Amino acid sequence: MEEWVARDPIPRLARYILDNNIATDEELKEIERNIIRELEEAVRFAEESPYPEETSAVEDIYTDLVEEGRVR
Amino acid sequence: MRQLTYAEAIREAIRNEMRRDPRVFILGEDVGKFGGCFGVTKGLIDEFGEELVRDTPISEAAIVGAAIGAAATGMRPIAEIMFMDFVTVAMDQLVNQAAKMRYMFGGKISLPMVVRLPGGAGVQAAAQHSQCLEAWLTHVPGIKVVYPSTPKDALGLLISSIRDDNPVAFIEHKLLYSLKGEVPDENEPIPLGLADVKRPGRDVTIVATGLMVHKALNAAKELAKEGIEAEIIDPRTLFPLDKETIFNSIKKTHKVVIVTEEVKRGGWGGELAAIIAEEIFDYLDAQIVRIGSLNVPMPFTTVLENYVIPNEIDIINGVKSIL
C-alpha cells in the first residue's frame with residue numbers, strides 16, 4: 001500500500017510540474033482553490049434546486065422520442 | 001428503377017452520406033483495404049482515405065467506445081462489428097455508455113452513431129458467428145434498432161440511421177448481402193419507425209423480420225394456392241416500432257403469426273406478441289403464433305442449420321394452426 005501511495009499520479013504530476021518549472025506552487029494552489037469553489041457551487045446548486053417533474057424521467061433518452069410515462 | 005444488391009445498397013448509403021457530410025466516417029476491423037469481412041465497404045478507402053475509413057485493432061469495445069467519443073465530440077461515426085455475435089464484447093460501451101449518455105447528461109449531449117451488425121445464420125458459420133441478438137438491443141432504452149430485409153429498405157433506412165442523432169443498431173442479414181432488388185434512382189431516406197406491407201392479404205397477418213420476410217413471402221405464395229391470403233408486414237425498425245401498421249393489419253385479419261430467426265425464447269417476437277395481446281386482444285380470433293429458431297446454439301452443418309432455423313413449412317403450418 002505504501003509503495004502504491006508513493007506512486008499516486010496526482011502528487012507525482014505536481015512534483016513534475018514544480019521540478020520542471022512549468023507552474024509555480026502558488027499557481028497550483030490557485031487551481032486547487034478554483035476546483036474546490038466549483039464543487040461547492042455545484043453542491044449548493046443541487047441542494048437549492050427543486051426536485052424534477054416526474055415526467056422528466058421519460059425524457060432525454062432519445063433526441064426525438066419520449067418514452068411512455070405512467071398514469072396514476 | 002435500377003437494381004442493387006443489399007450489400008451494394010448499404011455501401012451506397014455510406015458513400016453518399018460521406019460525400020454529403022464530412023463528419024461521417026467508418027471504422028471497424030478490416031473495413032479499409034480489405035473492404036470488410038463481407039465486402040460491404042469495398043472501395044470506400046480509395047475515395048475517402050485512411051482518416052475516414054479506419055481499420056481498427058480487434059477490439060469491439062474499442063471500436064464502439066471510439067465511435068461514442070467521436071459522436072460526443074461532433075462526428076457521425078459508422079462502426080462495423082464484423083459479426084453481430086461480437087457485440088457481446090462491446091455491450092458495456094453500447095448499453096452502459098452509448099444508450100445512457102444523453103440521459104445522464106440531462107439531454108445536453110447527443111450521440112449520432114450507427115453500429116452495423118451483420119447477423120443471422122445459414123452460412124455454416126456455427127454458434128459464435130450466426131446469432132440474431134436483436135432482443136438484447138431492443139431491451140435497452142437509448143438505442144434504436146433497425147433491421148432491413150431488402151436492398152431498397154437497406155439503402156433508405158441506413159441513410160436515415162446515419163442522419164439520426166441517436167445511437168442506432170443497424171442489423172444486416174448475411175444471407176441477404178447478395179440479394180438483388182430495385183432501388184429508387186434518387187437516394188431517399190426511409191423514416192425509422194415505419195413498417196412496410198410486403199404483401200397485402202385478408203386472412204392472416206404475418207409479421208416477419210430480416211431474412212424471414214422472404215421465407216414468409218414464399219410461404220404466402222404456397223398458401224395462396226389454397227386460397228389463403230396472408231398479409232406480410234415487415235416492421236423494418238424493431239424500435240421505434242410502427243404498432244399502427246401491425247395493428248391495422250390484425251384488425252383486418254384477426255390472426256397473427258410472428259416469424260423471426262432469433263432463438264424463440266426471450267426474443268423480440270415474444271415482446272411483439274405481448275404488445276398485441278396487451279393492446280388489441282379483442283381483435284384476435286385465435287392465439288398468437290410465434291415462430292423462431294429452436295432454443296439451441298446454431299449448429300454448424302447445413303442439415304442441422306436447416307432443422308434449427310424456421311422455414312416455409314413452419315410458417316405454413318403456423319398459419320394453418322389458427323385458420
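Two residues count as being in contact if their C-beta atoms, placed from the backbone, lie within 7 Å. All views show a predicted model, in which local features need pLDDT of at least 70, side-chain atom pairs count only at pLDDT 80 or more, and totals for chains, interfaces and linings use all residues. Residues are numbered from 1 along each chain as its sequence is written, while chains are lettered from A and ligands numbered from 1 in the order in which they are written.

**View 1. Helix 12 of chain B and its cover.** Helix 12 spans residues 312-320 of chain B, and its buried residues are B:Ile315, B:Ile316, B:Gly318 and B:Val319 (buried: 20 or more other C-beta atoms within 10 Å of the residue's own, with C-beta atoms placed from the backbone). Down the helix axis these buried residues fall within an arc of 160°, so they line one face of helix 12; the arc is that of the directions from the axis to the C-beta atoms. Their cover includes strand 10 (204-208), helix 8 (211-225), strand 11 (230-234), strand 13 (256-263) and strand 14 (289-293) of chain B. Helices (H or I, at least four residues) and strands (E, at least two) are DSSP runs, numbered from the N terminus.

**View 2. Where the two domains of chain B meet.** Domain 1 covers 2-183 and domain 2 covers 196-320 of chain B, with bounds from an automatic or database domain assignment. Their contact takes 23 residues from domain 1 and 25 residues from domain 2. On the domain 1 side, helix 6 (134-138), strand 6 (144-146) and helix 7 (151-163) of chain B each give two or more residues.

**View 3. Chain A against chain B.** Here the contact takes 7 residues from chain A and 10 residues from chain B.

Terms used. A residue is buried if 20 or more other C-beta atoms lie within 10 Å of its own, exposed if 12 or fewer, and partly exposed in between; C-beta atoms are placed from the backbone.
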